[in-house]
Amino acid sequence: MKFTLSWLKDHLDTDASLDVIVETLTRIGLEVERVEDKAAALAAYRIAAVLTAEQHPNADRLRVCTVDTGEGAPVQVVCGAPNARAGMTTVFAPPGTYVPGKNITLSVGVIRGVESRGMLCSGSELGLSDDHDGILDLSTDAPVGQPYAAFAGLDDPVIEINLTPNRPDCTGIHGIARDLAAAGIGTLKREQLTPVRGEGACPVAVTRDFAPEDAHLCPLFSLRLVRGVRNGPSPEWMRRRLTAIGLRPINALVDITNYVTFDRGRPLHVFDAAKVKGNLTVRRARDGEEVLALDGRTYRLDDGAIVIADETGVESIAGIMGGEHSGCDEGTTDVLIESALWDPLTIARTGRRLGIVTDARYRFERGVDPAFALPGLDLATKLVLDLCGGTPSQATVSGEVPDTERIIDFPWTEVRRLSGLDLPRPEMKVTLESLGFHVAGSGDRAKVLSPSWRPDIEGKADLVEEIVRIAGLDRIEPKPLPRIEATVIRPVLTVMQKRTRQAKREFAARGLVEAVTWSFIAQADATLFGGGKPELALANPIAADLSDMRPSLVPGLARAAQRNADRGYGDVALFEVGQCFASDQPEGQTTKATALRRGSARHGGAGRHWDGAARPVDAFEAKADALALLTALGVPTGGLQVVAGGPDWLHPGRSGTLQFGPRNPIGFFGELHPRVLKALDIKGPVVVCEITLDALPLPKHRPTKMKPAANLPDFQPLTRDFAFVVARSVAAGDILKAAQGAERNLVTGIEVFDVYEGAGIGEDQKSVAVAVRLQPTDRTLTDAEIEAVSQKIVAEVTRKTGATLRG
Amino acid sequence: MTDLTSLETDLLAQVSGAADEASLEGVRVAALGKKGAVSELLKTLGGLSPEARKEQGPLINGLRDRVQGAIQSRRETLAEAALTARLAAERIDVTLPVREGPETRGRIHPITQVMDEITAIFGDMGFSIAEGPDVETDDLNFTALNFPEGHPAREMHDTFFLRPDRDGKRKLLRTHTSPVQVRTMRNVQPPIRVICPGRTYRHDSDQTHTPMFHQVEGLVIDRQANISHLKWILEEFCKAFFEVDSVKMRFRPSFFPFTEPSAEVDIQCSRKGGEIRFGEGDDWLEILGCGMVHPNVLRNCGLDPDTVQGFAWGMGIDRIAMLKYGMPDLRPFFEADVRWLEHYGFRPLDIPSLVGGLTA
């Protein structure tokens, strides 16, 4: 919403400076977005007379002028404008002046050997026009020495406010003035609008043709004919104001509607009566009906729109834009002025659907003052009579002004209760009254009647806002919010919140870099990773590759890794801990922690190094990430099973599933499937692990934080090595489990220190060498006892896995 | 006893002439070994008369001790020389680079770090963290929050919708974390103090907007919470978050469907050479929206607006991260460019806390 200071002062009697007005507007909730004060910007530019203009001695295209600037002796200026001549009146800028059109600051110069003390200016140099033809050529009676801006009528600052959608009353300058007056910046001018006395009935009848349930679409439609008008340019003061706020003056009749729109927030429409055939009908548009609108474009309507039609068809899209056919031009002699009320929701929807943004739509979709519909018609009629002459008819009024009266039972204590601000009751009452509310009652409670122009006022809280915003939110002193209980803060994070945080820190500590990737991915990617369900597809994705809610973090990270590789960073280790979606229900959303390594980005380092190059990443690197995560999260891994194979998107032979029993998988690790790499256009190797944090067992609640006593035996442990030859299909884990189980009380650790396949070992066989650590607890073992334990271990491994001891 | 004297002279000369441990050992065996010269002399003592033994004993034993001492001393000298020689040979190039450890390479995303900072501050003020799903219903995202039917935010050009289900109902991606407030108010009895951080989505993509971003909202519901408390909380938060001793904030009346009265909050700052500083200067920067929870919202959550009351606020996590840490552009937050992440990310052990300061 834009307006000028002088226009505001039509409605507000005030001595306040522009700065105070601007500051107050923002303070009371009418946030000032921009102030354009040309008078201040162009203060240095003065009207000047060119006394002489001689040919420059050293340049064909330059002239050396002497200029009367209105003060002191004439000044010498070198000027390149073709129209510079002695005797002309133009605009002069002295050295030190900033030139907006050229973005320079003038200084005393010497141009081709001649001194120049300032500049004679064109409109473009002042940033006022695109006119490069020459310097401004003013009428000779322009007052030399006076500021040009004032002379040119540019001294009316333009204020633009960012209006919140709840304030339709401030789509008119009168409403803004009312708010300022309530805030103590002057007095609201309340001129009484006298109804226009029309002669004779309006010859055009109006029918509102709606089904009963559609009555709200147009509660009121009023129309008046003015005969014998002379339409031409509107007067200069009106054109200047309209131009200042960015509107293009058209002709008096059209300008009047725009003027009232901004002056009072009351949009109107004018029809050239000669072009309207028969009576007018207000109705829903028919599907497919078309209208050529005033913007020169043809719109195809549906029955969601409301139109005003005559016998030949649609003449106007109600509340949004008039039709070209019956628009007013210089030839108009009889004009029909329309002032109506429209359903805000319908106007908003139609405007959006048609993509039309107009000042009328802006107001109707917020809700205009219903009580001003008829006074608005009178105001417009009066302006038409004043500016264009003519004879008005009586108004024809179809429908009636709806009753929007709301009475709120308001305890004055409500202000303190909600805001903490203790205001004197009279101040609160005066605020409400100056905003147009009627306040009755003298006790602790008042009956407050809201004005017709404030559809946003529903209840007590709204009144509190009115009082507090005018008083100023800055008057509310911050006050500490006491703790609910006067205690040291107790932990507030849930298990999942803690796990999410720990997972991120753990992965980062393992050299992985945290990425945050889109929650939506391409449908093909989602499908590849087990997603792509219709219920998780966006109806209106912002881009084709951001269409489906992600089932896994792997595709986003994998694509990110490849983007980095394409930039020359191939050894990347990325992780993300974030939401994944299995259904559109809240339970379908889980948090996964995913680590991805590409190239040689191993835990120990990447790439070549004098101390040994890093090998390409493999599934065990991913397994290490997964197990480290579980350890960091305090998940007891005693019952954890590592099972060969994983989801389809992992390499079937180089992947594993982590689970607590077959029904409780918690995640996967492994190499990405070669087919997936190909589909994603990614070069491997890429290994990943993905743990579903929601699937992890909850920690057991323990009554104390005590740890069990430490077991520190006094006897030396000893280690025995065994090399078992087994079928290749035997899992090392089974060998370890068997060895461990052979002598539970003595075996405290087993390491696999070698795995070998090849020469010396049978085909389809492998050798797995393990070091078993025995820890005696009550005495040193004898050689015979050690031998017995060793045999027991060998026997048990052989029994469970078919192993033979390698010779 | 010139024999003994010359033997000693001879042995001591051999000791000092031994060039290495092996020859020294040869000297020792020749002198003090079982059949060594000195050992042989010692054996003779047994056959001597007590008088002669009394005379010879100290002489021979003295010889033995001196030779033994000379060998020991020579051994130490040789060992010292050997060590010196070994150390002279053992040299590494200390300028060779070492690999950086994983905890040096890893990074925490600025959004995570800022969320942790926010949690540290509000956790200390007694707030807990409430979370909810990203896929929401129209009711929780709009209707319960007092968005009127036909509000522009409910349109396809502002909000992401999922495809309608069999009943024609369509879910949406939450446009703010306010649905979590509704869930909390419907499930928890006041007093309530929560913050709701999380991912949010709007159908917007340009220089300063991404279709996905992060928000943190706060909610306080009890029997007396009012705007004066709201102002205190937000001022304390801003001071703590931006790590300055004072901030000046400006509360401008504004409008949101879900609060009444509503305000937008600007924070005072200075901008010098592309750097924003808070607690000084005369520029205003909008950082959040807030207000008293609208009576209709309280009613929609089963609360009586005449007996309970409270306030809420919301701000962009990505945005305050940019303000604090100076990222000029929002879009790289979600591009996973490791160069950007290494530069703007945080080290894994830089865990924000109030006692130690949010940042190092």
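Here is a walk through a predicted model, starting with one whole chain and then moving in on its parts.

Let's begin with chain A as a whole. It has 807 residues, and 43% of them are buried. Its secondary structure comes to 20 helices and 42 strands. If you boxed up its C-alpha atoms along the principal axes, you'd need roughly 125 × 85 × 60 Å. The radius of gyration of chain A is 42 Å, whereas a compact globule of 807 residues would have one near 28 Å. Now look at the contacts in chain A between residues at least 6 apart in sequence: 69% of them join residues at least 24 apart.

Next, find where the two chains touch. Here 75 residues of chain A are in contact with 70 residues of chain B. Several elements of chain A each supply at least two residues to that side, among them helix 13 (460-471), helix 14 (495-509), helix 16 (554-566) and strand 33 (573-581). Sort the residues on chain A's side by type and you get 38 nonpolar, 19 polar and 18 charged.

Helix 14 of chain A deserves a stop of its own. It has 15 residues and reaches 21 Å from its first C-alpha to its last, close to the 21 Å expected at 1.5 Å a residue. Its buried residues include A:Arg499, A:Thr500, A:Phe507 and A:Ala509. What covers them? From chain A, the cover includes strand 30, strand 33, strand 34 (589-598) and helix 17 (619-632), and from chain B it includes helix 5 (102-105) and helix 6 (110-124). Just after helix 14, A:Gly511 takes a positive phi of about 90°.

Some of those strands turn up again in a sheet. Strands of a sheet pair through backbone hydrogen bonds, either parallel or antiparallel. In chain A, seven strands form an open sheet with mixed pairing, in the order 30-33-34-38-37-36-35. Strand 30 and strand 35 (641-644) stand at the edges with a single partner strand each, so one side of each has no neighbour in the sheet. Further in, strand 37 (residues 665-672) and strand 38 (residues 686-692) run antiparallel and are joined by five bridges. One pairing to look for is A:Glu671 with its bridge partner A:Val687 in strand 38.

A:Asp681 sits in the loop between helix 18 (674-680) and strand 38 of chain A, and its phi is near 60°, a positive value in a residue other than glycine. Is A:Asp681 buried or exposed? It's exposed, because 8 other C-beta atoms lie within 10 Å.

One runs from B:Pro190 to B:Pro191, with omega near 5°, and B:Pro191 is found in the loop between helix 8 (178-187) and strand 4 (192-201). Another joins B:Glu260 and B:Pro261, with omega about -10°; B:Pro261 lies in strand 7 (residues 259-272).

How values were computed
Residues numbered from 1 in each chain as written. Chains lettered and ligands numbered in written order. Predicted model: local features only at pLDDT ≥ 70, side-chain atom pairs only at ≥ 80, totals over all residues. Contact = placed C-beta atoms within 7 Å. Helix = DSSP H or I, 4+ residues; strand = E, 2+ residues; numbered from the N terminus. Nonpolar A, V, L, I, M, F, W, Y, C, P; charged D, E, K, R; others polar. Expected span 1.5 Å × (residues − 1). Buried ≥ 20, exposed ≤ 12 C-beta atoms within 10 Å, placed from the backbone. Rg over C-alpha atoms; globule rule 2.2 N^0.38 Å. Pairing = 2+ DSSP bridges.
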